[in-house]
Amino acid sequence: MIHRAKLFTTIALTIISVFVLSACSEAKSDIKVTEKIVTIPVTAEPVTVAAIDATYGTTTSLEAAAEADVVAKVSGVVTEILVEEGDYVVAGQVLAQLEVEKLTLELNQASANLNQLANDLRRHEKLYQKNLVSLEAYDRIRFQYEAQKAVTDLAKLNLDFATIRSPIAGVIAIRYIKTGNLLMQNMPAFHITDLSELHAIIHLPE
């Protein structure tokens, strides 16, 4: 009887332990599931197309779209000024005039030499066609004529440069010269600003 009582007691304790362990396991499992569930409030809205704007506040200076320093392309004394500060000018308009006496004489001299060489070239060309002069002599006259033609063209260009013209349309912002001044080559005579279009240069941060 004692052994049976011990056996029943052991079996009962075992069954109770199994139920306790099972209950603990289920409790732990419930705890883990509860920890993983996180509730986040969400509001649903319909998808729409709209503009996204970004603004950046800063300060800057307005600059003219075009401006230029009018420089002398040849040296000479200023004999006439045709515009003043504040005047509006167009591209190609005459602004001032330099002395032309020396430049005119240089052009006349170059043209005379060119005419002489042109006559020599025509004469040597006829002689060469008749085999009366060598090819070397004919080429020498031809090269001299071409070189003198370049000198004459340069003299014409310098005479044209004595008339100072505006490279762009705009307003005479600064006049650097006066009548009687000796204006050297590449020295500024006027500063022209085109105020018809203004630009604002803004440097945006990344």
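Reading strands, helix and loops in a predicted model

Modeller: In this model, Val70 stands opposite Phe190 in β8. The model is a predicted one, in which local features need pLDDT of at least 70 and side-chain atom pairs count only at pLDDT 80 or more, while totals for chains, interfaces and linings use all residues. Residues are numbered from 1 along each chain as its sequence is written, and side-chain values use heavy atoms, with hydrogens and water left out.

Biologist: How many bridges join β1 to β8?

Modeller: Strands (E, at least two residues) and helices (H or I, at least four) are DSSP runs numbered from the N terminus, and two strands pair if DSSP finds at least two bridges between them. Here β1 and β8 run antiparallel and are joined by nine bridges.

Biologist: What is the order of the strands in the open sheet, and which strands stand at the edges?

Modeller: The open sheet has four strands in the order β1-β8-β6-β3, and the pairing is antiparallel. The edges are taken by β1 (62-71) and β3 (88-89), each of which has a single partner strand, so one side of each is left without a neighbour in the sheet.

Biologist: What does Gln148 touch?

Modeller: Gln148, which also belongs to helix α3, touches Ala110, Asn113, Leu114 and Leu117, again not counting residues up to four places away in sequence. Gln148 is buried, since its relative accessible area is 14%.

Biologist: Where is Asn131 found, and what is its phi?

Modeller: Asn131 sits in the loop between α2 (101-129) and α3, and has a positive phi of about 60° although it is not a glycine. With a relative accessible area of 68%, Asn131 is exposed.

Biologist: And what is the phi of Asn186?

Modeller: Asn186, a residue other than glycine, has a positive phi near 75°. Asn186 is located in the loop between β7 (182-183) and β8 (188-200), and is exposed because its relative accessible area is 57%.

Technical notes. Buried means under 20% relative accessible area, exposed over 50%, partly exposed in between (1.4 Å probe, protein chains only). Contact means heavy atoms within 4.5 Å.
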